[in-house]
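Open the model in your viewer and keep the selection tool at hand. We will go from one stop to the next.

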Amino acid sequence: MQKRIFGLSLAAGLMLTAVVAIGLANADEMTIGVAFDKIEPFRVAEKKALTDAIAGAHAKMVFANADKDPQRQASQVDSLVSQGVTAIIVIPWDIEAANDLARSAIASGIPFVSLDQAPSDLQSVTYHVGGDPCADGKVAGEFFVKEAAGKPFKLLELQGGLANDNGIRRSKCLDEALKAALNITIVARVPTDWNPQKALEGTENAMQAHPDLAGIYAPWNDALQGVFSVLKEKGRLVPVGVPTHIVIVSIDGTPLGCKAVRERLIDLEIATPLPEMCYRAVVAAIKAAGGTKAEPHAEFLPGIPYGPGDVKEMASKVWGCNS
Amino acid sequence: MTTRRRLSRTGAQLWSLTAVLLLVGIGFASLSDRFADLDNLRNVLLQAAPTMIGATGMTLVLAARGIDLSIGAIANLSLALAIALSGTRSEATLVTDTTWLVYPIALLSGLLFGALNAAAINILRLTPLITTLGTLAVYRGLGLHITGAALIPVSGPILSFGRAQVFDFGLPVFAALMIAAMGWLFLAQVPLGRQLLALGGSPRSAIETGLRAERLIVLAYAISGLCGAAAGLITVGRVGVVNPDLGDGMEFTVITAVVLGGTSLFGGRASVLGTVLASLLLTAVDNGMTLTGANPYAYDVVRGFVLLVAVSADAVSTYMHTRGSPLIRELRA
């Protein structure tokens, strides 16, 4: 693990240097268009990381937010194309519509990089970089299998977006990891559309039906506050290690996720390598604008797992622990 | 249509809605032995409280032939403002501590933003749909600007209202029932409420008979904004966090509850009791789906199916009711 993190950090450093070098060579022309699907806490952190990387390359950034509207995102990308930006980095809201947006931009000679949320056809974009929702889901599943240790284990799965690549794969790959563990029963799968209020209501309802719930999979950090509210009301919000503790695994690595780990309220957090992801997107965009093909064509970076036992050692690698 | 006939039709709709609610209850109770537990009924009532409150406000707006698409955005902006003005953020804990001022600030803000909607409708003479679609974007944008689109965990008095218990029921349940009762009384007994219905039924006649339409519109939208903020206070109090998505989609849930409850989208006919029953129905469906461990992809399908059944039951009961009416008999003859 340490070697991999060292390798990733080294790669990030080298890439940033490359970004700066390429940026200095094209200092006058470069404007990177950035089109987000929505604005929420994780996106705010991504925007900051992109801003830093683009500024590091001495380029300008033009930013647009589609606010969950695929039509608006299409218009924003069109307008970035007509402005003649050097390259476009997009977090797609509609993973199908993103294919056409990418083809249209590339046909106009503008590289199209997708970030975080993969389009349905990866071949349509110049380059894609994101977290690895499947790897993260598997790590979560394997952790539950280990915690259950062969005993009967009732698990609540809070699902993110059902029409969203990250949401679908974080769920599907959890299932794959749990397939062989017949002692683990997923008692409820609650669609939440990434909404903390729905996470609260789903947890409340599931605990009503299954007071002996043993685990909760909350695949995004914003769900945690709602989950904690319910557990507190039921007297089950106790630190890891206390017998009545409910095993909780979450994904993202935000400051709130890190805080929950430090307070020993959750057992495992899988931190998305957000700064790394954003650096790679900027590097690929600038390289592609200079005529260099991105290799590999798509990258899915697995999250960094950490828990109360190793949070001190891992904190420097987790973006949310350093924000 | 006479007042008596309107009330009778509303009565028929209430019976059909009650029947669907009972059927849904029996169905889920047969699939999960926990569904009919008293604890779970408390749970359903508590989860329905924000919808009930928002929908009561929306009932008044629809009664006056209006619509408020910005109710969720008002909840968001009112809470964002109240937290910004009355809260103190600790960088060490990342939590914003609030004071009791959060309540009056949020509620007054909601009232003000609702009244602003009405002012825009009255002054610009735009349709309520377009006006509130515009203010939805403005209010949501302002809310995002104030919070910086950050997730803000909160502590202090803001949690008290959403989490307090009275006789083992959540305090929001009593608040929602009280607000609904006030809404019902307002429409049924208070002259201003009757005037709202008259305005919704026929704006031209209402104005010609001397009703002050603009004042009534301000009243309806201000109450709707107030209810939106109250719903937001409950949600934030329960979840313990102000998130950028607060109130997102709330307008659709409350409008669904209001229309399903028998209030006409074209004004003049309203049923607060129907709104309450429909809010409970929508919440009970979600609750039952989780309790029975339903496939997550089935949630929307079942929700849609229940809505269709409720609307069909309403159509049938309305047909049965009007078939025997002297007017229909006369028309057929």
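Buried area is the accessible area (1.4 Å probe) that two parts lose on being put together, summed over both. Select chain B and chain A: they bury about 2,800 Å² between them, 57% of it on carbon and sulfur atoms.

A word on the ground rules. This is a predicted model, where local features need pLDDT of at least 70, side-chain atom pairs count only at pLDDT 80 or more, and totals for chains, interfaces and linings use all residues. Residues are numbered from 1 along each chain as its sequence is written, chains are lettered from A in the order in which they are written, and side-chain values use heavy atoms, without hydrogens and water.

**Stop 1: the two chains**

Show the residues in contact (heavy atoms within 4.5 Å).

Next, pick A:Glu204 and B:Arg238. They form a salt bridge, with the closest N and O atoms 2.1 Å apart. The term means a side-chain nitrogen of Lys or Arg within 4 Å of a carboxyl oxygen of Asp or Glu. There are three salt bridges between chain B and chain A.

**Stop 2: two helices of chain B**

Select α7 (residues 171-189) and α8 (residues 191-201) of chain B. Their axes are 5 Å apart, and the helices pack at an angle of about 75°. That makes α7(B) roughly perpendicular to α8(B); the word covers angles of 65 to 115 degrees. Now show side chains. Among the residues that make the contact are B:Phe186 and B:Leu187 of α7(B), and B:Pro191 and B:Leu192 of α8(B).

Technical notes:
Axes are lines fitted to C-alpha atoms, for helices over the stretch in contact, and angles run from 0 to 180 degrees between N-to-C directions. Helices (H or I, at least four residues) and strands (E, at least two) are DSSP runs, numbered from the N terminus. Angles under 35 degrees count as roughly parallel, over 145 as roughly antiparallel, 65 to 115 as roughly perpendicular and the rest as oblique.
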